[in-house]
Amino acid sequence: MADIAIRNAVIEAGLWPATGGKPACLPLPEPGGDLLPAVWRAWTQQAASLDVSARIAAAVRAEGFRRAQEFGARLTWSIPELDPARTTAWLGCRLAWWPGGVPNGRRVGLVSSRLGQELDRHKSWFAVLRTACMRLDPQQDVLVTAGQTAAQRFVQRCGRLFGLPILKIQAERGGGAVWRDWGRRILASLQSLPAAPDRVLLSPPLTADGPAAVCEELAGLPVPDRAIFALCDHVVALHVRPEGNVMRLLQARLGSPGFPAASVFLALGPELVRREQADELLGAGGVGWFVMNAAGEPERDQPVPWLAAASRSRRAAEILPCPPAEPWPYLTHCTRRRSGPWPCENEDKFLDDLILDRPGADHSALAALWRIARSGRLMAGSEFVRGRTPVVSLTAVPLREIGRLRTYRSHLGRWDFEPYGICIRRDWLERRGTRPVRYGDEATWNSLAPADRPFFQKSASHTASGKRIDWTVEREWRHVGDLALDGIPADAALLFVASEAEARHLASSSPWPIVVLSAPC
């Protein structure tokens, strides 16, 4: 029955002739065996039995598969050199397309629970990731990762940084349309041969029940995560949340007799694998791994490292008391933490700074303020502006009252109105086109001229839970496009930070005075 199921699947994927020609049956190899020679022969025979117009299309398909074999590609039933019962229990019965061939070496998977938005706070995690990769042998080890897993983009970048072979798993969930998508990806890969052995495309499962089904305790867990655990000789857990998917997969692997002993390693530490989870996993056969200088809590009170680049020739900025709320001649722009690359920074540099613990890894609200002080520019954004016009947003709320605006936006995973930013005199901004927003509703938007629409803001909105948000309390102003601060008088702007220590560190970089919000204000 397996040969019929596989033949029907490859027909659905467009990899096997659906009508006419012979052979009608797909010769079934042993699990792990290569189906590609049979696929090539089927298309070759199909080409010989059709009329001229159809024969050309079949011949082109046959030639593509012939070249794929020549360059080492393989289409396997299950995973070569792995126990088929093990892979079936974890993934179900699947086919695997290896466009660059099956890579040789010990497969090592670096797995983790998700870290959240504030990546630069996880210095311990990146230290362990870096150390693990530096200890691997590029001649013997292959780093394994899979799409949509927590560590995927970091592990993939580590392969490039440390010269390690990478195997990226792409795993499909199931359904007829997905079989066609899987087939289209295989056919597309034929156009880019030869390929490096850095990718495997796992098909959807062949059956939904019976002996080819995933075991019940794993069936509900994400396929990409399961694939890493199933295919890897060694698994290194960098961070484990209690009751999370990674914890459940570690428990399942350690409890399975199909895997080698002492093949699961646990990075021990309060920000890595905590003692509560480590005790259980070590008792089940996991191997503890402690990296010196990586397992403790990060130092929160140390000077920020990027300030080492501050100019020594500039006179330190003055630290001032908070100005009175009345009269309030300023507009204020609050900075916020950025969870991804800065504007004009590419993804690779962002990842490299994190992995290699470089000063640029800090993407806090304070780091964003330092960038403004050094660059003399406020960068416009369009993420939440109707019409997508890039603007710089400011508030007319006095600095002494701005703390009441601070709020956590759970749907965005971030804080708004953090205690970092810059105040600029309103008259200076108005001369450069900065205007208050027009609060309103749909009718207001429709009544606005195109030139006025970048200054529109809804008066209110509702969260998914039904809570009403009143946006008018922000008293927002906007400047269209980036706001260059060159030429602004020293007494026409000031910076503000949360602590006196931060103010002292920032003073050597700032051309403007600094206010500490934690002081009486």
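These legends go with a few close-up views of a predicted model.

**View 1. The second largest pocket.** This pocket takes up a volume of about 360 Å³. Its lining is made of 17 residues, and Thr407, Arg409, Thr463, Lys467 and Ile469 are the ones nearest its centre. Strands E14 (407–409), E20 (460–462) and E21 (468–470) each put at least two residues into that lining. Sort the lining by class and you get six nonpolar, six polar and five charged residues.

**View 2. A nonpolar patch on the surface.** Val52, Ile56 and Val60 make up this patch, which covers about 300 Å². Look for Val52 in helix H3 (residues 52–70). Val52 counts as exposed because its relative accessibility is 55%, and the cut-off for exposed is over 50%.

**View 3. A salt bridge within a helix.** Here the side chains of Asp181 and Arg184 meet, at 2.4 Å from N to O. The two sit three residues apart in helix H7 (residues 176–189), so about one helical turn separates them. Asp181 is partly exposed, with a relative accessible area of 29%.

**View 4. A salt bridge between distant parts of the chain.** Arg435 and Asp452 pair up through their side chains, at 3.0 Å from N to O. Arg435 belongs to strand E17 (residues 435–436), while Asp452 lies 17 residues away in the loop between helix H14 (442–447) and strand E19 (456–458). Arg435 is partly exposed at 33% relative accessibility, and Asp452 is partly exposed too, at 26%.

View 5. Across the whole structure, a search turns up 26 salt bridges.

Terms used:
Residues numbered from 1 in each chain as written. Predicted model: local features only at pLDDT ≥ 70, side-chain atom pairs only at ≥ 80, totals over all residues. Heavy atoms only, no water. 1 Å grid on protein atoms, 1.4 Å probe; cavity = no way out; pocket = protein on both sides within 12 Å on 5 of 7 lines; lining within 4 Å. Points joined across faces, edges and corners; volume = space filled by probe spheres on them. Helix = DSSP H or I, 4+ residues; strand = E, 2+ residues; numbered from the N terminus. Nonpolar A, V, L, I, M, F, W, Y, C, P; charged D, E, K, R; others polar. Patch = residues over 30% accessible without salt bridge, like charges linked within 9 Å, V, L, I, M, F, W, Y side chains within 5 Å. Areas by Shrake-Rupley, 256 points an atom, 1.4 Å probe, with all protein chains shown as cover. Salt bridge = Lys/Arg side-chain N within 4 Å of Asp/Glu carboxyl O. Buried < 20%, exposed > 50% of the residue type's maximum accessible area, 1.4 Å probe, protein only.
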